[in-house]
Amino acid sequence: MELGLDVREIGSRAVVDVKGEIDVYTAPKLREKLIELVSEGSYDVVVNLEGVDFLDSTGLGVLVGALKRVKAHDGSLSLVCTQEKILKIFKITGLTKVFPIHDSLDAATAAQGD
Amino acid sequence: MSLVELAIPSGSVYVGVARLAVASLAREAGLGEEAVDDLKIAVSEACANAVLSNQKVGASSPVDIGFERSQSAVIVSVADRGPVYEPTPADDFDTGSTEQRFAMSLELLSSLVDDCLIVPRDDGGMRVSLTVELP
């Protein structure tokens, strides 16, 4: 099971396109990538979850951890997600109030003050 | 007696195998796609908790997964040999720690299936039983 992680820059933001399944096995790879970005000075990060087929609490834990890291640098972490089955996980855990969740990458990169 | 029993080594790489096996059995038993998706997450949570729980005490015994089907429901059990814990979700989501992930996991387990029972096993470890009613 592989997790695809592609990073690109759009404007002042680092966009991480995630593809595949985020679970207890693959979540550490996502965590490493996000830690690497922050350590390289990317404090405004967009995680694009449109290519994600599966997400559980291990992935949520990584995203919350990354949010704390960027906030420590006055940065932001927003998500792109339109898939109902993934959004449901954020709703159940109350994280829709914690993360700005956008319905397109354009909306996420255009948003101010996330 | 479980209809299907599966023991996976206590390693995170095997959780996906358990998830796929249960999804396929649940679909075959007659659950709809949305219920299958929900059950996949619940099984993944239970297995991740079991693997992490085993790791915490250095237990290398397998995680036992059982799949049963009654006339009205599908029941999946996941059992480990890790420490016995009190399955109460924390209401403080502000620590970003292992405990926070665990609290979110318990939220998901209790929300995504019709019934989730988490009890200590007689011979050590915990057993999670997930029940999903058939349509």
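Tutor: A residue counts as buried when 20 or more other C-beta atoms, placed from the backbone, lie within 10 Å of its own C-beta; with 12 or fewer it is exposed, and in between it is partly exposed. On that basis, 41% of the 135 residues of chain B are buried, while in chain A the buried share is 40% of 114 residues. The model is predicted: local features need pLDDT of at least 70, side-chain atom pairs count only at pLDDT 80 or more, and totals for chains, interfaces and linings use all residues. Residues are numbered from 1 along each chain as its sequence is written, and chains are lettered from A and ligands numbered from 1 in the order in which they are written.

Student: Why is Asp74(A) called exposed?

Tutor: Asp74(A) has 8 other C-beta atoms within 10 Å. Asp74(A) sits in the loop that joins H2 and strand S4 (76-80) of chain A. Its phi is near 55°, a positive value in a residue other than glycine. Most residues other than glycine have a negative phi.

Student: Is Glu33(B) buried or exposed, and how do you know?

Tutor: Glu33(B) has 10 C-beta neighbours inside 10 Å and therefore counts as exposed. Glu33(B) belongs to helix H2 of chain B. Its C-alpha atom is separated by 25 Å from that of Ile8(B), 25 residues apart along the chain.

Student: What makes Glu68(B) partly exposed?

Tutor: The count for Glu68(B) is 18 C-beta neighbours inside 10 Å. Glu68(B) is part of strand S2 (residues 63-69) of chain B. Between the C-alpha atoms of Glu68(B) and Val57(B), 11 residues apart along the chain, the separation is 29 Å.

Student: How many helices and strands does chain B have?

Tutor: Chain B has three helices and five strands, where a helix is a DSSP run of H or I with at least four residues, a strand is a run of E with at least two, and numbering starts at the N terminus. Along the sequence of chain B, the pattern is β-α-α-β-β-α-β-β.

Student: Why is chain B called as compact as a globular protein of its length?

Tutor: The globule rule is 2.2 Å times the number of residues to the power 0.38, and the radius of gyration is taken over C-alpha atoms. For 135 residues the rule gives 14 Å, and chain B has a radius of gyration of 14 Å, so chain B is as compact as a globular protein of that length. Along the principal axes, its C-alpha atoms fill a box of roughly 40 × 30 × 25 Å.

Student: How does chain A agree with a compact globule?

Tutor: A compact globule of 114 residues would have a radius of gyration near 13 Å, and chain A has 13 Å, so the two agree. The box filled by the C-alpha atoms of chain A is roughly 30 × 25 × 20 Å along the principal axes. Chain A has four helices and five strands, in the order β-β-α-β-α-β-α-β-α.

Student: Why are H1(A) and H2(A) called roughly parallel?

Tutor: The axes of helix H1 (residues 27-39) and helix H2 (residues 57-71) of chain A cross at roughly 10° and come within 9 Å. Angles under 35 degrees count as roughly parallel, over 145 as roughly antiparallel, 65 to 115 as roughly perpendicular and the rest as oblique. H1(A) is therefore roughly parallel to H2(A). Residues in this contact (C-beta atoms within 7 Å) include Leu30(A) and Leu34(A) of H1(A) and Val62(A) and Ala66(A) of H2(A).

Student: Which residues touch the most other members of the largest nonpolar core?

Tutor: A nonpolar core is a set of buried Ala, Val, Leu, Ile, Met, Phe, Trp, Tyr and Cys residues joined through C-beta atoms within 7 Å. The largest core has 67 residues, and Leu39(B), Ala42(B), Val43(B), Cys47(B) and Val78(B) touch the most other members. H2(B) gives the largest share of this core, 10 residues. Neighbours within four places in sequence aside, the contacts of Val78(B) include Val43(B), Cys47(B) and Ile65(B).

Student: How many residues of each chain take part in the contact between chain A and chain B?

Tutor: Chain B brings 21 residues and chain A brings 19 residues. On the side of chain B that touches chain A, H2(B) supplies the largest share, eight residues.

Technical notes:
Contact = placed C-beta atoms within 7 Å. Axes fitted to C-alpha atoms, helices over the stretch in contact; angles between N-to-C directions.
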